[in-house]
Amino acid sequence: MGKRSLWTMIFTGILLVGMMIPVHNAEAADGKDAGTLTKKQIGLKELAVPSPAARFTYNSGLSFEYPDAVRGIYVTGPSAGGAKMAELTQLVEDTELNAMVIDIKEDNGNITFQPEEGSPYADVAESFIDDPVQMLKELEEKGIYPIARVVVFKDSMLAEKRPDLSFTQNGQVWKNGKGEAFVNPFMEEVWEYNVELAKKAAEMGFEEIQYDYVRFPEGFGSRDDQLDYGQGKYADMDLDNVQKRVQAVTDFVEFARGELEYYGVDVSVDIFGYSATIEEAPNIGQNFSKISSNVDVISSMIYPSHWGPYFGISKPDAEPYKLINEYAKVENEVLGKLDPAPTSRPWLQDFEAPWLYSGPTKQYGKAEVEAQIRALNENGIDEFLLWNAGNNYTKGVDYTPMNE
């Protein structure tokens, strides 16, 4: 059931009840504003009837209009809370860009703002963003659409604090080759930990919550029998381990979207691009169609540098237009089978990949960024996000190249 149809049913029920009994308190039960109410006199009874425009969702006090098509950039916590933010804001204002994806929970598990006293997130807080609400107010004034990025299952800090929510080996928290730890997608306590944080972002005024690392660690299928971890409610399910992983990841996404419905925010998920080209990614538990069926926006990470030989392209990083064009065709076919389908908003590359080259590195500048955008546009995909880990974006890019 869609968001709008659910609220239509609620509105109808309230209206019918209101016709039978007097309404004495127009405020929502939790004290939040339930919308502007009008009054009608019927006989001796005074009824409070919600106006057609009433929204039975949380009101942060901020208002952002969804752009014609989201064209955004990634912003780290230090950038958002530091001098870099003025430069990035100016970039968005001066170009066809219109959105920012801002870290609220980073890759190692820390949050980027100081929560209220007594918060369960206080000991993982780095106060990069002094006043998130004030930051959002400034974005509101400039018409910049704000998206909160929350990294979910890659979380070294929570894993070290709660090994029982992670994966262990020989009594120690398991880490990948980069020294990163993950928490366990089977554990519903981990779901709640991340979703409660997302609710705080929604209360601040973010219009969308973007979940990243919604998966098991890469290559998990080859080591799951070497690690100690719980499977929670999935332990007794009549599924093999691959399908248990897929089910857990899908269930988290469905849970996260349902929990955020009251806040009226969109929910998006970052996902490996190659997962759209196969039935499912068994090691990490990502099924592109199942995840896409439970989100408002799907953001495939389709950086040309992150593909091996694929689509008949031997060096995708050197051929950004061709790679994105071939991928977009596949994604359109997969999403075309879903009803309703989420908005496609892929992540594009605005960085170099020197690790791929023994000689000179392929440089990513204006031509390469525009080539990726053009490939999406030619396939009917109008939204995109740009990734650069240091937030150093190419100057002079035309972000709407099809309008030439």
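Of the 404 residues of the chain, 52% count as buried, a word that stands for under 20% relative accessible area, with exposed meaning over 50% and partly exposed lying in between (1.4 Å probe, protein chains only). The model is a predicted one, in which local features need pLDDT of at least 70 and side-chain atom pairs count only at pLDDT 80 or more, while totals for chains, interfaces and linings use all residues. Residues are numbered from 1 along each chain as its sequence is written, and side-chain values use heavy atoms, with hydrogens and water left out. The chain has ten helices and 15 strands, where helices (H or I, at least four residues) and strands (E, at least two) are DSSP runs numbered from the N terminus.

**Contacts and core**

- Among contacts in the chain between residues at least 6 apart in sequence, 75% join residues at least 24 apart, a contact being heavy atoms within 4.5 Å.
- The largest nonpolar core has 110 residues, of which Ile-73, Met-100, Ile-102, Tyr-211 and Phe-252 touch the most other members; such a core is a set of buried Ala, Val, Leu, Ile, Met, Phe, Trp, Tyr and Cys residues joined through side-chain atoms within 4.5 Å.
- Helix H6 (residues 188-204) gives this core its largest share, nine residues.
- Leaving aside neighbours within four places in sequence, Ile-73 is in contact with Leu-88, Leu-91, Val-92, Leu-97, Ala-99, Met-100, Val-101, Leu-386 and Tyr-393.

**Helix H3**

- Lys-84, Met-85, Leu-88, Thr-89, Leu-91 and Val-92 are buried in helix H3 (residues 84-94).
- These residues cover an arc of only 155° around the axis, which puts them on the same side of H3, the arc being that of the directions from the helix axis to the C-beta atoms.
- On the other side of H3, Ala-86 and Asp-94 are exposed.
- Strand E3 (71-75), helix H2 (77-80), strand E4 (99-105) and helix H4 (132-142) are the elements against which the buried residues of H3 pack.

- Leu-323, found in helix H9, is buried with a relative accessible area of 0%.
- Not counting residues up to four places away in sequence, Leu-323 touches Ile-302, Pro-304, Trp-307, Phe-311, Ile-313 and Pro-316.
- The C-alpha atoms of Leu-323 and Gln-372 are separated by 8.4 Å, although these residues are 49 apart along the chain.
- Phe-311 lies in the loop between strand E12 (297-301) and H9, is partly exposed at 25% relative accessible area, and has a phi near 55°, a positive value in a residue other than glycine.
- A cis peptide bond, with omega about 0°, joins Asp-339 and Pro-340, and Pro-340 has its place in the loop between helix H9 (320-335) and strand E13 (343-344).

**Asn-391**

- In the segment after strand E15 (384-387), Asn-391 has a positive phi of about 60° although it is not a glycine, and at 1% relative accessibility it counts as buried.

**Second largest pocket**

- Of the 34 residues that line the second largest pocket, Tyr-213, Arg-215, Glu-218, Phe-272 and His-306 are the closest to its centre.
- A pocket is defined on a 1 Å grid over the protein atoms alone, as an open set of points where a 1.4 Å probe fits, with protein on both sides within 12 Å along at least five of seven lines, and its lining residues have an atom within 4 Å of a point.
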